[in-house]
Amino acid sequence: MAIKFSSAFAKNIKDEAVQTAVRKTVVSLANACKQISHICARGPLESGMGTQTGAANTDGDAQKALDVRSDEIITAALETAPVAYYASEEQDSIVTMDKTELLAVASDPLDGSSNIDTNVSIGTIFSIFVAKDAAVSSFFRPGSDQICAGVFVYGPQTTLVVTAGAGSETYVLDPDTGVFTLAIASMKIEPSSTEYAINASNHHHWGAPVRGYIEDCLLGACGPLGAKQNMRWVGSLVADANRILSRGGMFMYPGDDRPGYKDGRLRLLYEAAPVAFVIEQAGGTATDGTRRILDIDLETLHQRIPLVFGSREPVQALADYHKKQD
Ligand code: F6P
Ligand code: MN
């Protein structure tokens with residue numbers, strides 16, 4: 001078994017068939033992500049994994065060989081799991097696996113792909129719903145319908161932060177045993193923080209609320225926030241999320257006025273909703289600036305959404321800057 005679950009994992013899911021299906025599916029994903037982690041650890045020794053395929057995914061991002069390989073590994077793993085439908089950031093449309101099965105899984109198979117060649121942490125994000133009768137209705141719903149979500153990170157350690165709706169747990173892939181082993185039973189994000197993450201090169205493209213808030217962050221102790229605000233930006237959502245789960249802080253990828261960036265860069269189904277579920281279950285907050293991410297209905301498969309998440313107080317402070325603007 002690739003993961004040794006805590007005694008509490010998924011026990012809150014009342015329907016026993018669903019509970020068993022979730023556990024089986026997370027085992028399959030853990031198996032898949034062990035393989036991806038191994039490929040990442042070999043880096044340039046694994047031939048061609050950082051190279052561009054020359055193709056672009058539906059969102060227009062350049063695809064690298066590792067993006068495609070990771071999607072293939074996850075697809076193969078889910079074929080042996082109780083999964084009816086699979087939606088992948090790397091595929092144009094939903095894959096029907098076995099309509100009679102219980103679950104629908106969405107995934108960003110390899111997040112942070114611009115960091116593949118640089119030995120910087122990257123990862124895999126997944127989201128699990130109870131499947132409905134049709135492929136589309138299984139995913140076109142609010143993130144609050146998720147029954148499980150998780151973030152794998154391939155970094156100095158390979159980790160999994162996962163929730164089934166009763167708190168977020170962290171597992172570490174023990175290199176000695178090859179098993180994801182419980183490391184932290186209950187993640188807790190502090191409500192306040194003095195650290196934020198944003199790609200500041202987009203400053204002149206942001207709207208007034210985000211620009212005003214970041215300018216106040218830069219004023220530090222001399223400004224209205226009254227304290228130095230440290231800045232960290234890895235450029236892999238999974239790694240920034242993992243840092244915030246570990247020591248608090250705030251992440252922002254707002255919408256901006258570059259062509260195609262009205263709703264930011266990140267995808268609601270594959271990135272924002274699962275990260276929001278894990279963050280909320282650790283005591284944090286996730287919004288699109290003002291609205292709770294988990295309340296937003298998916299309208300198109302690859303839909304983007306502005307994403308702000310982390311410690312409760314700074315996320316609320318940014319929402320207040322939006323309200324002042326209105
Ligand atoms: O998957 C999209 C992604 O690579 C995230 O992992 C990351 O947070 C973001 O894009 C980085 O975007 P940018 O290159 O615009 O800073
Ligand atoms: Mn991604």
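A: A polar contact is a pair of N or O atoms within 3.5 Å; inside the protein, one of the two must be able to donate a hydrogen and the other to accept it, and residues adjacent in sequence count only if both atoms belong to side chains. The structure is a predicted model, in which local features need pLDDT of at least 70 and side-chain atom pairs count only at pLDDT 80 or more, while totals for chains, interfaces and linings use all residues; side-chain values use heavy atoms, leaving out hydrogens and water. Residues are numbered from 1 along each chain as its sequence is written, with chains lettered from A and ligands numbered from 1 in the order in which they are written.

Start with the contacts of ligand 1. An N or O atom in the side chain of Trp233 is 3.5 Å from an oxygen atom of ligand 1. For Tyr253, the distance from a side-chain N or O atom to an oxygen atom of the ligand is 2.6 Å. Arg265 also takes part, with a polar side-chain atom 3.2 Å from an oxygen atom of ligand 1. On its own, ligand 1 would expose 400 Å², and the protein buries 86% of that (areas by the Shrake-Rupley method with a 1.4 Å probe).

Ligand 1 is surrounded by Asp111, Gly112, Asn199, Trp233, Gly235, Ser236, Leu237, Tyr253, Arg265, Leu266 and Glu271 (a residue counts as near if one of its heavy atoms lies within 4 Å). Sorted by class, the shell has four nonpolar, four polar and three charged residues. Here Ala, Val, Leu, Ile, Met, Phe, Trp, Tyr, Cys and Pro count as nonpolar, Asp, Glu, Lys and Arg as charged, and the others, Gly among them, as polar.

The buried residues are Leu237, Val238, Ala239, Asp240, Ala241, Asn242, Arg243, Ile244 and Leu245.

Arg243 is part of helix 5 and counts as buried because its relative accessibility is 13%. Just after the helix, Gly248 takes a positive phi of about 80°.

Phi also gives a reason to look at two other places. Most residues other than glycine have a negative phi. Ala10 has a positive phi, near 70°, although it is not a glycine. Its place is the loop between strand 1 (3-4) and helix 1 (16-42), and Ala10 counts as buried because its relative accessibility is 2%. Asn119 likewise is a residue other than glycine with a positive phi, near 60°. Asn119 sits in the loop between strand 6 (103-111) and strand 7 (122-130). At 77% relative accessibility, Asn119 counts as exposed.

Next comes Thr163, in strand 9 (residues 158-163). Thr163 is buried because its relative accessibility is 0%. A polar atom of its side chain lies 2.9 Å from the backbone nitrogen of Gly165. The side chain of Thr163 also reaches the backbone oxygen of Gly167, at 2.8 Å.

Finally, compare distance along the chain with distance in space. Val179 is in strand 11 (residues 179-184) and is buried, at 19% relative accessibility. Val179 and Ala30 are 149 residues apart in sequence, while their C-alpha atoms are 8.9 Å apart. Glu90 lies in the loop between strand 4 (83-88) and strand 5 (95-96) and is buried, at 10%. Leu301 is in the loop between strand 15 (285-287) and strand 16 (307-310) and is buried, at 12%. Leu301 and Thr287 are 14 residues apart along the chain, and their C-alpha atoms are separated by 19 Å.

Definitions and conventions. Buried < 20%, exposed > 50% of the residue type's maximum accessible area, 1.4 Å probe, protein only. Helix = DSSP H or I, 4+ residues; strand = E, 2+ residues; numbered from the N terminus.
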